[in-house]
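Subject: Structure handover

Hello,

Below is the structure I said I would pass on to you. Please have it open while you read the notes that follow.

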Amino acid sequence: MVEKYMIRNWRSNDAPSIAKYANNKKIWVNLRDGFPHPYQLSDAERFLSIVAQQNPRKIFAIADDKEAIGSIGLMLGEDVHRFTAEMGYWLAEPFWNKGIMSKVVIQFAEYAFEKFALNRLFAEPYLENTASVRVLEKAGFTLEGTLRANAFKDGKVLDQYLYAKIRHEIT
């Protein structure tokens, strides 16, 4: 049986799967500090209540035919950056190295450019997050540079890459 992976709206009954998969230090270490660790059911419920209020929706579930297995979303820019958005995502560890996220990022980028009339979509993975770098490169994002000493995570000052895709680069 071939499992299908999709991007869909979050559902209130996704809280248990979020808590199960998000409570993983290997995921937390690659995300911003707004993503809690340990990640508990109450964190998932709070997240879902926030996402349910978004209009338009900017954060979505990555799911298989049984449950939510990750998340992908946008932080829209403002003022002179109003046609730019930052993309963030995570995927449950049992689903790593299967090519899922590369396909999801390609689909989501197309959606983001269309729905939000963006000119630019970017991501800032930590240099140590080689899996995310591979995802972005497979999805056609271009490395624009290194942001030196740009973040503080898990007690360390970290460099980040800056990857971006411009509207006319959508295939």
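Which residue in β4 is the bridge partner of Ile72? It is Tyr89. Please keep in mind that this is a predicted model.

The sheet

I will begin with the sheet, since much of the rest refers to it.

- β1 and β2 run antiparallel and are joined by three bridges. Ile7 stands opposite Ile62 of β2.
- β2 and β3 are antiparallel too, with five bridges between them. Two facing pairs can be found here: Ala61 stands opposite Ser71 of β3, and Phe60 stands opposite Ile72 of β3. A hairpin of four residues connects β2 to β3.
- β3 and β4 run antiparallel and are joined by seven bridges. The pair from the opening question, Ile72 and Tyr89, belongs here.
- β4 and β5 (residues 120-123) pair in the parallel sense, over three bridges. Thr84 has Arg120 of β5 as its bridge partner.

Two of the strands are worth checking for burial. In β2, four of the five residues are buried, which leaves the strand mostly covered. In β3, seven of the nine residues are buried, so the strand is largely enclosed by the rest of the structure.

Helix α1

Why can α1 (residues 15-22) be called largely enclosed by the rest of the structure? Because six of its eight residues are buried. These are Ala15, Ser17, Ile18, Ala19, Tyr21 and Ala22.

The axes of α1 and α3 come within 8 Å and cross at roughly 125°. That angle makes α1 oblique to α3. The crossing is right-handed. On the α1 side, the contact is made by Ala15, Pro16, Ile18 and Ala19. On the α3 side, Leu41, Ala44, Glu45, Phe47 and Leu48 take part. Sorted by class, this contact of α1 with α3 has eight nonpolar residues, no polar ones and one charged one.

A residue in a loop

The last item is Arg11, in the loop between β1 and α1. Is Arg11 buried, exposed or partly exposed? With a relative accessible area of 46%, Arg11 is partly exposed, because that class lies between under 20% for buried and over 50% for exposed. Arg11 and Phe60 are 49 residues apart along the chain, and their C-alpha atoms are separated by 9.6 Å. Phe60 is also the residue that stands opposite Ile72 in β3.

Regards

Note on methods
Residues are numbered from 1 along each chain as its sequence is written. This is a predicted model: local features need pLDDT of at least 70, side-chain atom pairs count only at pLDDT 80 or more; totals for chains, interfaces and linings use all residues. Side-chain values use heavy atoms; hydrogens and water are left out. Buried means under 20% relative accessible area, exposed over 50%, partly exposed in between (1.4 Å probe, protein chains only). Two strands pair if DSSP finds at least two bridges between them. Axes are lines fitted to C-alpha atoms, for helices over the stretch in contact, and angles run from 0 to 180 degrees between N-to-C directions. Angles under 35 degrees count as roughly parallel, over 145 as roughly antiparallel, 65 to 115 as roughly perpendicular and the rest as oblique. A crossing is left-handed if the near helix is turned anticlockwise from the far one by less than a right angle, and right-handed if clockwise. Contact means heavy atoms within 4.5 Å. Ala, Val, Leu, Ile, Met, Phe, Trp, Tyr, Cys and Pro count as nonpolar, Asp, Glu, Lys and Arg as charged, and the others, Gly among them, as polar.
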